[in-house]
Every structure is written in structure tokens, then in C-alpha cells.
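Visitor: I would like to learn how to read salt bridges, a pocket and a helix face in a model. Where do we begin?

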Amino acid sequence: MKRLHALLLAGTLSVGGLTTLPAAAAAPAPSPTTRPAARTDWSAAMVDSTTARYTPDTIGGWDYPVGLYLYGQYQVYRRTHDADLLAYIKSYVDRFVADDGSIDQSFDSLDSMQTGRLLVALHHETGDERYRIAARQIRDRLDTYPRTSDGGFWHADSDSRAHQLWADGVYMVNPFLVEYGKEFGDEKYADDEAAEQLYVYGRHLQVPGGLLKHAYDESGTASWADPDTGLAPEHWCRAVGWYSMALVNVLDAIPADQPRRAALVDSLRRLADGLERTQDPASGRWFQVMDKGDHADNWTETSCSSMFTYALSRGAQQGYLDRHFDAVAQRGYRGVLQRISVGADGRTNLTDISVGTNVGDYAFYVARPRATNDLHGLGAFLLMNEQLRAR
């Protein structure tokens with residue numbers, strides 16, 4: 001909390017009269033009395049607030065929202081070099097990694113693999129072989145992990161997810177995979193697999209106009225699957241957000257001559273066009289169901305808005321996208337900043353975050369609870385803010 005107190009004493013944070021809601025709260029937060037300025041180090045403030053709310057033992061289990069948040073915290077550590085931030089991540093991970101490097105996880109879903117990015121990061125920072133051994137379990141699991149007929153990893157190795165590709169899944173495994181490859185000298189497999197997975201998923205899920213449907217069922221038996229296409233009915237924003245971030249992460253890693261690279265850049269460009277078209281002109285954010293912003297019960301969602309802002313900014317910075325998409329990202333950034341404020345307890349609050357979500361129809365998505373300080377939103381915010389705060 002030291003950095004947050006320093007910011008408050010320096011007068012760079014405005015304190016409103018908010019009450020603090022728990023991370024999984026499923027109700028709208030009260031409106032802030034003041035709006036933040038982009039110059040505030042909101043990453044530091046958010047990390048201080050979250051680590052004050054939770055210890056490494058209470059923040060959650062081996063679960064992808066925790067992994068997403070802590071990977072965002074790792075990006076803040078890389079900028080600030082605050083050893084306490086890395087020690088917190090290490091204490092969390094060491095709950096699961098034994099002295100011999102084993103980790104008690106079956107890795108039977110892509111969701112269970114995302115937190116593996118922390119294993120790679122900790123090996124990079126500490127050199128401790130336990131983290132390499134633990135990360136290898138995820139890499140080895142992919143050798144036997146079930147796939148669709150054209151090679152896409154099922155969302156989970158279970159009857160309820162058999163033959164299904166969810167846009168969420170590409171972020172759960174592929175950024176880990178390219179980082180694993182670089183850290184442990186397995187780039188050839190890792191880069192090719194990650195690029196192929198994004199290509200296969202995109203070929204099924206991306207539709208004319210550039211957006212992606214939430215999911216695809218090769219068997220056509222899921223209740224939500226279109227009988228002709230196998231696609232889910234809607235463009236759920238966070239699913240598309242996961243895909244957008246995975247695209248730029250993988251493009252940043254794979255070599256220029258990777259066979260799928262051109263197709264992935266084209267996919268990102270088509271997606272960027274769809275994002276610009278569906279961005280809410282009033283707020284700069286994106287809607288829970290992306291292409292139905294004119295529906296009165298639809299609402300702008302914070303985690304996906306952070307994800308899209310990150311991906312567009314990074315894509316423009318790296319030359320994957322035209323430079324004008326940086327302006328689209330800046331509008332998104334300003335919109336997301338309108339969702340963060342400081343409560344009476346001196347801690348940050350980030351509002352309007354969709355809780356975890358299955359595949360459904362329009363009514364299902366818009367009725368999802370809107371949480372404050374849900375880790376999906378906090379992690380996405382940190383990634384976005386670390387990308388844009390100095391630009």
C-alpha cells in the first residue's frame with residue numbers, strides 16, 4: 001500500500017465516496033464522484049489495492065482469472081522493479097508447485113493452462129528449475145490433448161466441451177506456449193503450434209465483418225450451435241477480447257517467415273475493422289454483445305474494452321495495423337478510465353465487469369452480473385494500462 005499512500009499524499013489520486021465491493025461482487029457499483037486522470041499511475045494503485053485486499057493464499061486457486069491478474073501484476077513489476085510484486089506472485093505459485101517441480105493439476109481444459117505463464121515468468125526471473133519442470137507438464141499435456149479434425153484444441157477434455165472451440169481458449173494456451181518456447185528453447189514446436197491454433201480457430205469463428213462468434217461445435221450437438229454452421233449465435237465481447245490479445249502476443253513471438261503469419265495479420269486487420277465499427281461513439285468502450293449496441297438493455301463491458309484497447313494499441317505500435325487504430329485505442333483507453341475510481345477506503349474500484357460466462361444467446365449475455373473488481377477486469381486493465389500509460 002506504500003505507493004498508493006504516496007500517490008494520495010501527493011494529490012495525484014482523487015478520493016470519492018465509494019464503498020468497496022469484493023472482487024466477485026455481482027452488483028453494479030455506485031457512480032464515482034470524481035473521474036480519474038490518465039496521468040495517475042493506475043497500475044500501481046490497482047496493484048496496491050488488490051494485494052491489500054488479498055494475500056497470495058486468499059486471492060484464489062489455480063484459476064485463469066487469477067493468472068490473468070497476476071500476469072498483469074508481473075508487467076507492472078517489469079516496469080517498476082518492485083520486488084514485493086514478484087514475491088507476491090511467487091508466493092501464490094509456490095502454493096501449487098512442489099519441491100520436486102510437480103504440480104497437482106490434470107490440465108484437462110485450456111482454462112487450466114493460462115496460469116502457466118507465471119511459471120515461465122518465475123523461471124525467467126529466478127532460474128529455479130522447479131518452474132521449468134512444472135511448465136513442462138503443460139507442454140507435455142498438449143501432446144495428448146484432444147483436437148478437432150482439423151487440429152484445434154478442444155476447449156476442455158470433457159463430454160460437455162467435446163469438439164468445441166471457444167474463442168476464449170486461444171488466450172488460455174497460446175501466449176503461454178510461445179513464452180515457454182522462448183524460455184526453454186522449444187520455439188519451433190511452440191511457435192508453429194500457437195500460430196496454427198489461432199489460424200484454425202479464426203477460420204471457424206471469424207465471420208464477415210471481422211468479429212468472431214463466441215464458439216464453434218464441430219459435432220453440432222451443443223444446444224447453442226447453429227445446425228448448419230456449428231457456431232454460437234452471438235459476438236460476446238470478452239471472448240473476442242481474448243482472441244485479439246492472443247493474436248498480438250503470438251505475432252510478437254513468431255518469426256517473420258512463419259507460414260501462418262500473413263494469415264494472422266490479415267485476421268487481426270479484419271478484426272480491427274470490426275472493432276472500430278462497433279466501438280460505442282459515446283463512451284469509447286465496447287458492448288457486452290458487440291454488434292447490438294442499439295439495444296436498450298445492452299451495456300458496455302470493461303474487461304473486453306481493456307482487451308481491445310490493448311490489442312489495437314499494440315497492433316498499431318508493432319505495425320500489424322494502420323497507425324490510425326492507435327486513435328481508436330486512445331478512445332477506448334479514455335472510456336475504460338471512466339470506470340476506475342478510488343473509494344473512501346483509499347482503494348481503487350473498477351466497475352462493469354462481466355462475471356465468467358458460458359456460451360449463450362443475447363438474453364443470457366446481457367443478463368450476466370456486472371461485477372466490481374472482478375479479476376477478469378483487473379488483469380485486462382493492467383495489461384492495457386501498461387501498454388498505453390506512457391503513449
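Guide: A salt bridge is a side-chain nitrogen of Lys or Arg within 4 Å of a carboxyl oxygen of Asp or Glu. Side chains of opposite charge can pair when their charged atoms come close. A search of the whole structure finds 24 salt bridges. This is a predicted model, in which local features need pLDDT of at least 70 and side-chain atom pairs pLDDT 80 or more, while totals for chains, interfaces and linings use all residues. Residues are numbered from 1 along each chain as its sequence is written, and side-chain values use heavy atoms, without hydrogens and water.

Visitor: Which residue forms a salt bridge with Arg79?

Guide: Glu386 does, with the closest N and O atoms 2.7 Å apart. Arg79 lies in helix H3 and Glu386 in helix H14, so the pair ties together parts 307 residues apart in sequence. Helices (H or I, at least four residues) and strands (E, at least two) are DSSP runs, numbered from the N terminus.

Visitor: Is Glu386 buried or exposed?

Guide: Buried means under 20% relative accessible area, exposed over 50%, and partly exposed in between, with a 1.4 Å probe and protein chains only. Glu386 counts as buried at 19%, and Arg79 is partly exposed at 29%. Salt bridges with shared partners join Asp41, Arg79, Glu386 and Arg389 into one network.

Visitor: How is the largest pocket read?

Guide: Rolling a probe the size of a water molecule over the atoms shows where empty space is left. On a 1 Å grid over the protein atoms alone, a pocket is an open set of points where a 1.4 Å probe fits, with protein on both sides within 12 Å along at least five of seven lines; lining residues have an atom within 4 Å of a point. Points are joined across faces, edges and corners, and the volume is the space filled by probe spheres set on them. The largest pocket holds about 890 Å³. Of its 27 lining residues, the closest to the centre are Tyr71, Gln75, Arg78, Arg117 and Glu179.

Visitor: Which helix gives the most to that lining?

Guide: H7 does, with 6 residues.

Visitor: Which residues of helix H4 are buried?

Guide: In H4 (residues 83–93) they are Leu85, Leu86, Tyr88, Ile89, Tyr92 and Val93. Seen down the axis, they fall within an arc of 155 degrees, taken from the directions from the helix axis to the C-beta atoms, so they line one face of H4. The face turned away from that buried side carries the exposed residues Ala83 and Asp84.
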